[in-house]
Amino acid sequence: MTYNLDELKKRSVVASTSHNISNNLKPAPKHEKVPESAKTITEITRTHRTAYIIFVSLLLDLLAFTMILPLLPSLLEYYRKNDNQLYGYLANSIKQFQLWIGAPERFTSVLFGGALGSMFSFLQFLSSPIVGALSDYYGRKPLMLLCATGIAASYGIWAYSESFLLFVIARFVGGISKGNVSLCMAVITDVSNQQNRGKAMALVGIAFSLGFIAGPMIGATFSRFSDKTGTLWFFAPAMFAMLLAVADILFLVLCLKETLPKEKRSTRIINSLSHAIDHISIRALFRFSAVENLSQKDVRSLRRLGVTYFLYLFLYSGLEFTVTFLMYHKFGYTSIDQAKMFLTTGVLMALLQGSVVRRLPDRLVKTSAVFGLYLIIPAFIIVGLAESSPVLYLGMILFAISTAFVVTCMTTITSKYGDFHQKGTVLGVFRSLGALARAVGPIVASMAFWSVGARFTYIAGGILLLWPALMLQYLKL
């Protein structure tokens with residue numbers, strides 16, 4: 001989910017730096033000297049108003065997006081029992097193999113859920129760089145509105161998806177429209193400088209935390225009062241999600257101003273699109289081909305970091321995605337029970353990120369990332385072995401603690417590579433590797449869950465996570 005962040009950061013930094021230098025070179029009148037100096041520092045470090053607009057927009061989007069998480073197992077069970085067209089055809093197609101390996105029929109929904117999750121993430125992986133490139137040419141606001149409209153349309157299709165085919169189409173439209181998250185990053189890059197960009201990006205993290213805490217609870221509340229034996233029992237939560245998406249569109253129309261003026265836009269759309277290809281080509285991603293003029297030592301370190309990050313998120317995202325099905329099929333959790341689990345882990349992650357992770361000194365960042373990678377190993381093994389809710393909660397609490405550290409710390413390590421004008425490209429490639437991992441992980445983990453069961457899947461996944469942990473521990477930065 002990246003864009004031409006290298007070019008964006010150059011523009012924002014050069015503009016802000018030249019403005020600040022010119023201000024500092026102007027002699028101020030004696031009686032205004034101290035106040036003017038204080039005013040300049042305040043203006044440099046103050047978070048831009050647009051960052052708060054992006055925060056609200058992202059929060060509305062994520063509340064709608066996360067509502068479906070506790071509903072997904074019930075949704076797929078609904079299609080398993082009521083759809084004899086696409087779902088029935090696919091189920092019959094794998095029937096022989098299912099009987100051969102002895103996979104329970106009720107786990108077929110896990111397999112199809114993983115396929116949907118990977119499809120959504122893969123479309124997001126493809127669309128985000130292209131949408132970013134188009135925004136470099138046409139401007140941010142038009143593309144933000146286009147993405148938001150597509151997302152609203154996907155919820156509208158979901159509301160009337162009596163058949164599994166319509167539900168798949170809804171997820172397809174939603175996935176290809178999900179470039180808005182990376183566009184939000186580009187907007188923040190446009191309006192921030194080196195001094196205040198960290199604070200602005202922190203608002204994005206807060207929006208994600210709040211979205212993943214409140215969204216599942218909203219979805220579970222709708223589920224609790226829905227009659228799942230009726231047709232289109234999911235109509236109400238889908239329409240509420242669409243209402244949030246429409247509110248986001250109106251909010252953007254009324255409040256968001258264009259942050260990339262015409263004189264700073266790409267003059268040729270083909271140049272922007274060709275750069276986007278570097279964030280889609282798998283070979284180019286792992287080689288960090290988009291990053292130029294780095295020493296061979298730094299390039300080798302970046303490539304190893306990239307492989308470590310990909311392996312971690314590939315395993316992590318698959319096990320994370322299937323945990324809702326584990327709760328549903330093995331423990332009989334209702335949507336409310338699942339939402340309580342998401343609430344527990346979400347609050348714990350938000351507290352750790354807000355109080356500990358963001359205050360980590362540089363010397364402890366790598367150590368904390370390695371700690372998080374090792375902690376996720378027993379977390380998933382405990383989840384796999386769990387036979388009761390308290391044990392499952394223990395595994396998920398360890399999971400939350402690990403999650404709070406790993407991605408943030410690994411991103412911080414990666415951001416140290418390259419000159420300031422190169423960091424956007426470095427982080428862009430890094431995030432694209434993560435998006436690719438999330439596109440592959442859910443389907444692989446779901447296939448394992450379906451064919452060999454949850455216990456083996458989680459224990460094997462936990463043990464395999466030892467690989468990226470060792471890679472990062474012994475990586476010389």
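## Basis

Residues are numbered from 1 along each chain as its sequence is written, and side-chain values use heavy atoms, with hydrogens and water left out. In this predicted model, local features need pLDDT of at least 70 and side-chain atom pairs count only at pLDDT 80 or more, while totals for chains, interfaces and linings use all residues.

## Overall make-up

The protein has 21 helices and zero strands (DSSP runs, H or I of at least four residues for helices and E of at least two for strands, numbered from the N terminus). Of its 477 residues, 54% are buried (under 20% relative accessible area; exposed is over 50% and partly exposed in between, with a 1.4 Å probe and protein chains only).

Helix α7 (residues 108-138) has 31 residues and should span 45 Å at 1.5 Å a residue; its end C-alpha atoms are 44 Å apart, which agrees (the expected span is 1.5 Å times one less than the number of residues). At S127, shortly before the proline P129, α7 has a kink of about 30° (the angle between axes fitted to the seven residues ending there and the seven starting there). Of the 31 residues in α7, 23 are buried. G139 follows α7 and has a positive phi, near 105°.

Helix α10 (residues 180-191) reaches 17 Å from its first C-alpha to its last, close to the 16 Å expected. Twelve of its twelve residues are buried.

## Salt bridges

The structure holds seven salt bridges (a side-chain nitrogen of Lys or Arg within 4 Å of a carboxyl oxygen of Asp or Glu). One of them joins D61 and K178, at 2.5 Å from N to O. D61 lies in helix α3 (residues 49-66) and K178 in the loop between α9 and α10, so the pair ties together parts 117 residues apart in sequence. D61 is buried at 5% relative accessible area, and K178 is buried at 4%.

E387 and R455 also meet in a salt bridge, at 2.4 Å from N to O. E387 lies in the loop between α17 (362-385) and α18 (389-414), and R455 in helix α20 (residues 454-464), so this pair links parts 68 residues apart in sequence. E387 is exposed at 56% relative accessibility, whereas R455 is partly exposed at 39%. Salt bridges that share partners join D136, R140 and D190 into one network.
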